[in-house]
Amino acid sequence: MIDEVYEVKKLNYSNALELLSHYAFKQVHPPEDYMELALSVIFYAQGLPLAVKVLGSLLYNKDKPKWESELAKLKRIPNMEIQSVLQVSFDGLDEMQKNIFLDIACLFKGEDKDYVMKILDSCGFFPNIEISVLIDKSLVTILDNKLMMHNLLQEMGREIVRRESPKEPGKRSRLWFQGDVYHVLAKKRGTEVVEAMFLDLSYQEEILFTTEAFARMNRLRLLKVYESQDPRDDTCTSPKEMCKVQFSRDFKFHCNDLRYLYWIGYPFNSLSSDFNPKGLVDLGMPYRHIKQLQKGVKVLDNLTFMDLSHSKQLIETQISQRLSILNGWHFPSSGELESLQILILSGCSKLEEFPEIRGYMEHLSELYLDGTAIKELTSSIGCASGLVVLDIKNCKMLRGFPTSILNLRSLQTLKLSGGLESENVIRRGMPSPISLFRNLGVLSFAGSSLPSKSSHSIDFLLLSGLCSLQHLDLSHCNIPEGADIIKLGSLSSLQSLNLSGNNFISLPPNMLSRLSQLTRLDLHDCRSLKALLELPPSLISIDAHNCTSLGIIPDQSIYKCLYNASFINCFKLMKYQSSLETLFLTMAMDVTKTRFHLSQPRPVEFSTILPGSVILDWIKHTSTTEEVNIELSPNWFNSNFLGFALSVVIDFSDMTHVSPDKMSFSVFPLLVTNSGQTIAYCDANYRHTPGHALIEPVNMWLAYAPVFGPIKWHEVNHVKVTFLKLTRMPLKINRYGVGLMFSREDAK
């Protein structure tokens, strides 16, 4: 009997690598040619000491091909010695807790906690209580409100389900592995045991859906037919482009126990008339064919989420007190949708009329109408009094707003970006008492360009009354020099400000310095911006890439306050290179006193990108390969040692055909000492805007990586630094450099 469960402390990279080496190689650190494989094992084990020991013993005295084979096998079949130990915690759970754990492990890891809890609650699992138990037993963690668990715990859960019926997937409670799902549907082997099935069409060449395949799965709770590859990604060359989805002529879908149904590209105009899912909580049918939900009135009392995005046939909707039939589109009434919280109609490009709301929908909290053809918001929008998010970006035909929008006193996010028809939308279309939105935390006008002659008419004073505003996006709004944006300095709660793509030459004095909570400033593609004279002391990140006229930046403040700063293609800043050593050293001495991280990988304390084609001469150790080796003299170490300056020279010239979502990269330096101790660093994700030729395609990345941890630096005589990069760009790095940094009086 288990009386107590204790969470095992995870090993950091250095200690995990040392433990693995002890069991796999009987020495302090791995042979150099095994380092990449050893790091793969460490990544798999995620710092769990048990896993590191077991895998190290398993791989002892094996050659590299056998290492590779074992790693490939682990991705499909978990190691049973590890699983048997981990399962002790699972066996101590009650039946409901086990069901929740298995749902998360097989289906919902990484998903939003609140969203998953609503689905699990509809299944009768009482997640408010039981997830807390799983957290207490260290089986589940919460990170950024997402449900997470150790990879090995997830594999344990999936292995438990696999063992329910090792040879016949159709007799397992949950199906997620694509080969198993395909087998069950193609061979019609589904049974009443199946409760959940997730099918990714991105990796199927052809599949046939038949009534018979679903007929015996009468306990199906969760069904998701989706594409992990974004169907809007025209550059994607995955097998999903070849996937041929076929349906039998008599196809009927009648899984009435469903709580969650998501089916991308559902090909029929409606669901079958005998489909009656009274407990359905989430209905998602994005893309292509759907015209009406059902041919008859159905009970949808429990429906909380509805996603009909990118339904190109959707012309008109009405949320009324009865079922409306408008142009062939049937939409359930508000009386049937009393529980509805989130409605997504994004990308329904033929939808011209705003969904009429008759009767109050007090539970509706998020409404997405972005990319539709609606011309106006009717006064009924005021009936959605509990609305928290309203997204109407890229509504190019939208002309204005009714005064009833001011009834939305709970509104926290308002997105108006892109293609609004005229200046009146911003200047006169939005009711002037916008400051009545006291709870508004996110506001975006991005891409709502105004004629330059009218830009002075933007009344920034109206925005200045938004006392709760934390994120403001005014990018690409054609804001010129002389616009009265100094009023933005009164937004005392502002944390991020995006002014990219505008036409001003400078920012008003004392505007930024008054934003005491500002942590992120985005100015990229402000090509007329010549000077940046001040930054608030709270600022963590600044992105000024493609500010091609920028020639003046604040010296000391930029390196003392920020974690990362991007000045890609700001070629006029090359004059600062001569003073970078002193500025960088001053920054390093300052942050060493004030900032410290224990996480692994550890973020570099500061990084920046500036135009430059060579490693600066004060960074002494350089290489044309991704590895830089440093031989240290016997008496190199003293108490003034701060850490390392890391640098690479990056060539961005071959970026013509790179899609926008791939225009980002991160650098991950890995330091290994002669004793085998390892320090892994990570950096911010840098990006730059496509569509513009780079004036200076070669830029220099520079970062400060402080020393930390239990390493006895006075015993170190050799350091190898390996530079890894995470990117989907064709990124070319011309040179790598590492410098040792020591504090000195003249740098203060």
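Axes in what follows are lines fitted to C-alpha atoms, for helices over the stretch in contact, and angles run from 0 to 180 degrees between N-to-C directions. Helices (H or I, at least four residues) and strands (E, at least two) are DSSP runs, numbered from the N terminus. The model is predicted, so that local features need pLDDT of at least 70 and side-chain atom pairs count only at pLDDT 80 or more, whereas totals for chains, interfaces and linings use all residues. Residues are numbered from 1 along each chain as its sequence is written, and side-chain values use heavy atoms, with hydrogens and water left out.

Helix 6 (residues 95-108) packs against helix 8 (residues 127-136) at an angle of about 80°, the axes lying 10 Å apart. The two helices are therefore roughly perpendicular to each other, a term that covers angles of 65 to 115 degrees, with those under 35 counting as roughly parallel, those over 145 as roughly antiparallel and the rest as oblique. Helix 6 brings Met96, Gln97, Ile100 and Phe101 to the contact, and helix 8 brings Pro127, Glu130, Ile131, Val133 and Leu134, where contact means heavy atoms within 4.5 Å.

Tyr736 of strand 35 is the bridge partner of Ser623. Strand 29 (residues 641-651) is also antiparallel to strand 35, with 10 bridges between them, and Ile650 has Ile733 of strand 35 as its bridge partner.

Note on methods:
Pairing = 2+ DSSP bridges.
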